[in-house]
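Colleague: I would like to learn how to read the features of a model. Please take me through one.

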Amino acid sequence: MTITRVDNEKASGLCFVGKRYKNGSAWGEWWKNGWFDVLEKMPHLSAVNDNGYIGLMRNGEEGFEYWIGMFFDEITDVPEGFEALEQGDRQFAVFHVYGNESKGEIYGEAPTNACLEIMRDAGLENTKDALRFERYNCPRYTVPDDKGNVILDYGFAIK
């Protein structure tokens, strides 16, 4: 696993629309039910999605939350069966984590800790709710290179 790039992304009036879970094991249900199709038809998709789908994590009032969905620049109507998580103005440190998905190199504690170490060295802190996301960009994540590796974006909301 290698971090190939670090970006600073800012968004105003941000809102996340999706579904809340206790873990990230519900992606298959999203594909089966076409829920991303519903969100992609909504107005005001945010550039933070960067042509990808989002797995958002945070420490909520009831502990750890995992959300699947997409960011929007503003929201008017939330589709039935979805929830909205207002974000307001946010700044993110976004890391491109390069490695082999099938070997588990781009997921979990090791890449997360590598990103957090870079943030600490730069004097950056994750927000109080520890909001972070994985962005499954097309084609960085969906099309492996000649070595079989992909890039998964890790984003951390920063103070």
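Modeller: Start with W67, which is buried because its relative accessible area is 1%. Buried means under 20%, exposed over 50% and partly exposed in between, with a 1.4 Å probe and protein chains only. This is a predicted model, in which local features need pLDDT of at least 70 and side-chain atom pairs count only at pLDDT 80 or more, while totals for chains, interfaces and linings use all residues. Residues are numbered from 1 along each chain as its sequence is written, and side-chain values use heavy atoms, with hydrogens and water left out.

Colleague: Which residue forms an aromatic pair with W67?

Modeller: A pair of aromatic rings is described by the distance of the centres and the angle of the planes. Rings of Phe, Tyr and Trp (its six-membered ring) pair if the centres lie within 6.5 Å; planes under 30 degrees apart are stacked, over 60 edge-to-face, and the rest tilted. The partner of W67 is F16, at 6.2 Å centre to centre and 85 degrees between the planes, an edge-to-face pair. F16 is in strand 1 and W67 in strand 3, so the pair ties together parts 51 residues apart in sequence. Helices (H or I, at least four residues) and strands (E, at least two) are DSSP runs, numbered from the N terminus. F16 is buried, since its relative accessibility is 0%.

Colleague: How are the rings of F92 and F133 set?

Modeller: Their centres are 5.1 Å apart and their planes are at 75 degrees, so this pair is edge-to-face. F92 sits in strand 4 and F133 in strand 5 (residues 132–137), 41 residues apart. Both F92 and F133 are buried. The count for the model is 16 aromatic pairs. One aromatic cluster is formed by W27, W30, W31, W35, F36, Y53, F82, Y136 and Y141.

Colleague: What lines the largest pocket?

Modeller: Rolling a probe the size of a water molecule over the atoms shows where empty space is left. A pocket is an open set of points on a 1 Å grid over the protein atoms alone, where a 1.4 Å probe fits, with protein on both sides within 12 Å along at least five of seven lines; lining residues have an atom within 4 Å of a point. The largest pocket has 11 lining residues, and W27, W31, Y53, Y136 and Y141 lie nearest its centre. Helix 1 (27–33) and strand 2 (52–60) each give at least two residues to this lining.

Colleague: Which residues have the most contacts inside the largest nonpolar core?

Modeller: In soluble globular proteins, nonpolar side chains tend to be buried together. A nonpolar core is a set of buried Ala, Val, Leu, Ile, Met, Phe, Trp, Tyr and Cys residues joined through side-chain atoms within 4.5 Å. The largest one has 30 residues, and W27, W30, F36, L39, I68, F95 and Y154 have the most contacts inside it. A second, separate core has 14 residues, including V48, L85, F92 and L131.
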